[in-house]
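Please take a moment to look over the sequence and the structure shown below. The briefing that follows goes through them topic by topic.

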Amino acid sequence: MSGESVISVKNLKTYFYSENRCNKAVNGVSFEIERGRTLCVVGESGCGKSVTASSIMQLLPKLSRIEEGEIVYHSETQGDIVLSKLKKNGKEMRSLRGKDIAMIFQDPMTALNPVYKVGWQIMENILQHEDVTKEEARKRTLDLLIQMGIPEPEKRIDQYPHEYSGGMRQRAVIAMAMSCNPKVLLADEPTTALDVTIQAQIFELMESLKKEHNTAILLITHDMGVVSEMADDVIVMYMGNVIESGTAREVLKNPVHPYTRALLASIPILGKGKEQQIEPIRGMTPNPHNRPKGCQFEPRCDFSCDTCRESMPGEEILEGTHMVRCHCWREVPRE
Amino acid sequence: MTFGEKRFHKKLDKIRRLEEEGVLAKKKKGSRALSKFMSNKMAMLGLVIFTIIFLACIFAPLLTSYRPEVVDLTNLMKPPSKDHIFGTDKVGRDLFARVLYGGRVSILVAGGGALGGALIGVLVGSFAGYRGGWLDKITMRLSEVFMSFPQLILVLVMVTIMGQSTRNIIIIFVITGWSGIYRQARAAMLSIREEEYVQALHAFGLNDMLICFKHMLPNALSPIIVNITINIAAFILEEASLSFLGLGVPMEVATWGNILNASQDMYTLQNAWWIWLPVGVVISLFVMSINFVGDGVRDTTDSSIQG
Amino acid sequence: MAKYIGKRILMFIPMALLMSFLIFGGMELTPGDFVSNMISPDMAANMTPDELNVLREAYGLNDPFLIRYVKWLGQIFQGNWGYSLSSGVPVKDIILQRLPVTLELALTGLVISAILGSVLGIVSALKRGSLLDHTLTLAGVIGMSIPQFFFGMVAILLFALNWKIFPVGGRTTPDMVHWWEHLRYLVLPALVLGVTQTASVMRYSRASMMDSMHKDFVKAARSKGLPEWRVNLVHGFRVSMTPVVVLLALRLPMLVSSSVVIENVFQWPGIGVTFKEAVSAGNYPLVMMIALIIVIMVLIISLVLDILTRVLDPRVRLE
């Protein structure tokens, strides 16, 4: 990673406290999001990737809190702002939300309020952050809808979410997120709920927005195919930790951590035919309330040793920006 | 930091400490639902209050030597004392005995009405929901009629037709109370009917009645139990209201409502608190305990309500 | 929308007919017959048995049940609702005189419980897990557990007898000069009625609010940087309002039941007092007609509320 970072996350720990238990959902995560680049966060569900995004936006549920670490937003105009120190719904945090940092949600079906018109919901964001009249906001909303490729925008702007198709709703959600030209876009599995063809269109849209506005994108996904399409940089998370990170080239061409390798081996590659071997990862993710003592991946790992059972491995730089957290990565056979 | 925030962080700190010490991981043995219910303080308190009042009413003869209907003209409107711990009413009847024996009738009427209604509701509802067709259509319409009738109006109309007696009031409660449970049982059946294990049972060639009542009904039971408790609580209150209007169980029979009814005049209200306050509190406590238990059962079984 | 309203009204008619049929059936089970119920007692007293028999024949009392039902229905539509057995006054006059008095009390109570209940429910949901939330939840259960008339009696004892802030009961005094003087009489019964209904409205609006606050669109609203009040009210509450209105519609029968009790506690001279007196006196025509009118009213109001929920929720509006 070389560019200019816009968000730095250092040793972030976010814990959840539902049902009188403590779940260390994010347990010491560090990474940088850089301007004009896409950072993909990969991992199975429950690995803490969505929580990380919510932590940046300070949109965590009630029974949870950031325990340690800091999240810094490097603003071009206001200097460094430590997001994790701001009041959750205070004025400073709110002035950044939707303006400098915007979020796209996983399910476009539920991310739009069913009782308001789509155009109104997009305008709401513009009016919140910019000193414009309603007419101007409406004009800009219309432009956004056109930009997002929504057909008949004059009609669509006054329709309710349920009158939109799934793909169109996600476009509307993206329009909402992009309405104030944010510096950072957090996209939490934006295409999981959509058809494959629509998926491709949405990604294309995000890609072009990134190029036009130099927006930094944090893209959360569990789909390795998406990663290879979209990512400039990659971090792989497992049970609340980053276990491998680096540029897309470094991680995808030369995966080191057994988990990353297993993830890559578990997806079929188009064109290889049906003879290819697809290996599912054995075992299941551990119960978050009953974690292994040492390396979190140890119970499912084929290369674990005694050290793995005892302690969580530290961060180790292989070359350039390629980082891995594994005691035994040297023992893992290369292809 | 505000007081609320401090309290919030303190609570989280405690959970975190316990979690890190491994205390929380060791718990959770035995039945999950049961332990969740047991840990619900309000539900347990409700269960205790309910049991105490219920047992006290059942074993009334052991707790008091007075009879509820015996008039003692030498002891009129006496405040609570050693001899009469709840005092006496306008004709010298011991109020403690009246509350206990009255509880028997009130609980019998409300419980009988709720359970009878539940029996009919479950039988008709599950079968109608399972079979569908004309039976379903007719019973559904009928339940709609019963639901849109204000309960008290319906009860009073039936009192007009049938006349006042303890037995009639129970029958009236059964007739007016079945529709809620019917709808619940029916809805549960409709959703379970589509599940695969039921299709599988059909494929095995099991008979309809067996599938319906043995394999499907148990899965719909817990919301029905909650509804029965709600009905018991409602009927206790309704019996009291009916007696208050002088249209419930005949006045000669001691019930909670009838005891309260005797204290409607302003003089009693102002000068003889012991006639209306204890029985009013007992009714409220009893109904409250049922509500707590009902809430507890619902919270343990319904995973959607958490937090 | 117009199509839906039309459909909904078409559904209302068979329901109302079914109700009237059941009530007519109930009336058949009571002593007395069509003639003694439907003609004025004064007239009946001046008639010979032979004349009465002629009348019975004329009304077709030997007709089958269904025919008699249809004829009865016809009478009702023509405005002959029968006569009170005790006073000989036409039932229609009694009902038309008493109904507005009841509506005044019931609607005030409804407004109090709707406002108080939804506000407390929302606050409780937003402060979930706080001391305030626990207190309100507990108060709600207690409120649902106290018999309404007991609550009313205690209110009379405290506010009317001991502190003498409000009158004990009734609705008017003969020497009243201004119409608003009677508001003093309305306060206590309306408050008791409203507060006893509040608990369940509060429970429901809390649950509904919690439900919508967990939805993604609330998080999305927050992600726009909207202030909390806007997130809670414009996004959260607006969506949870529909189920609360539905609940109010469902609870309408309960409100009617309660006002019968409360009217009797406070001697509020509405239809509830009349109804109670009619039941205890065995005044069958009055009992049945009041029941019929109340049921029809409940049906009409729930029809209106049903349409209102359509207006509130665009998802079903365009069905």
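This is a predicted model: local features need pLDDT of at least 70, side-chain atom pairs count only at pLDDT 80 or more; totals for chains, interfaces and linings use all residues.

## A briefing on chains A, B and C

Reading along the sequence, one finds that chain C follows the pattern α-α-α-α-α-α-α-α-α-α-α-α-α-α, which amounts to 14 helices and zero strands.

- The C-alpha trace of chain C spans about 85 × 55 × 35 Å along its principal axes, and of the 319 residues in chain C, 37% are buried.
- Chain B has 15 helices and zero strands, and its C-alpha atoms fill a box of roughly 75 × 60 × 40 Å when the box is taken along the principal axes.
- Buried residues account for 43% of the 307 residues in chain B, and 70% of the contacts in chain B with a separation of 6 or more are between residues 24 or more positions apart.

**Two packed helices in chain C**

- As a rule, two packed helices are described by the angle between their axes and the distance between the axes.
- In chain C, the axes of helix α11 (residues 228-265) and helix α12 (residues 271-281) come within 7 Å and cross at roughly 90°, which means that α11(C) is roughly perpendicular to α12(C).
- On the α11(C) side the contact is made by C:Ser259, C:Val260, C:Glu263 and C:Asn264, while α12(C) brings C:Gly272, C:Val273, C:Phe275 and C:Lys276.
- Sorted by class, the residues of this contact of α11(C) with α12(C) are three nonpolar, three polar and two charged.

**Where the chains touch**

- Between chains B and C, 34 residues of chain B are in contact with 44 residues of chain C.
- On the side of chain B that touches chain C, at least two residues each are supplied by α7 (133-148), α8 (151-162), α12 (221-244), α14 (266-271) and α15 (273-301) of chain B.
- That side of chain B has 22 nonpolar, eleven polar and one charged residues.
- Between chains A and B, eleven residues of chain A are in contact with eight residues of chain B, and the side of chain A that touches chain B divides into four nonpolar, four polar and three charged residues.

**An antiparallel sheet in chain A**

- Chain A has an open sheet of four strands, in the order β2-β1-β4-β5 and with antiparallel pairing.
- At the edges of this sheet stand β2 (23-34) and β5 (79-82) of chain A, each with a single partner strand, so one side of each is left without a neighbour in the sheet.
- From one strand to the next in this sheet, the twist averages 5°.
- Within chain A, strand β1 (residues 5-16) and strand β4 (residues 64-75) pair in the antiparallel sense over eight bridges, and A:Tyr15 has A:Arg65 in β4(A) as its bridge partner.

- Strand β7 (residues 184-188) of chain A is mostly covered, with five of its five residues buried.
- From β7(A), A:Val184, A:Leu186 and A:Asp188 point one way, whereas A:Leu185 and A:Ala187 point the other way, and all are buried.
- Strand β6 (residues 101-104) of chain A runs parallel to β7(A) and is joined to it by four bridges, with A:Ala102 standing opposite A:Leu185 in β7(A).
- Strand β8 (residues 216-221) of chain A is also parallel to β7(A), joined by five bridges, and A:Leu186 has A:Leu218 in β8(A) as its bridge partner.
- The chain crosses from β7(A) to β8(A) through helix α8 (residues 196-213) of chain A, and this β-α-β crossover is right-handed.

**One residue followed in detail**

- Is A:Asn241 buried or exposed? A:Asn241 counts as buried because it has 22 C-beta neighbours inside 10 Å, and its place is in strand β10 (residues 241-247) of chain A.
- Although A:Asn241 and A:Val26 are 215 residues apart in sequence, they are 6.6 Å apart in space, C-alpha to C-alpha.
- If its neighbours within four places in sequence are left aside, A:Asn241 is in contact with A:Asn27, A:Gly28, A:Val29, A:Gln296 and A:Arg325.

Terms used:
Residues are numbered from 1 along each chain as its sequence is written. Chains are lettered from A and ligands numbered from 1 in the order in which they are written. A residue is buried if 20 or more other C-beta atoms lie within 10 Å of its own, exposed if 12 or fewer, and partly exposed in between; C-beta atoms are placed from the backbone. Two residues are in contact if their C-beta atoms, placed from the backbone, lie within 7 Å. Ala, Val, Leu, Ile, Met, Phe, Trp, Tyr, Cys and Pro count as nonpolar, Asp, Glu, Lys and Arg as charged, and the others, Gly among them, as polar. Axes are lines fitted to C-alpha atoms, for helices over the stretch in contact, and angles run from 0 to 180 degrees between N-to-C directions. Angles under 35 degrees count as roughly parallel, over 145 as roughly antiparallel, 65 to 115 as roughly perpendicular and the rest as oblique. Two strands pair if DSSP finds at least two bridges between them. A crossover is right-handed if, with the strands pointing away from the viewer, the path from the first strand over the helix to the second runs clockwise.
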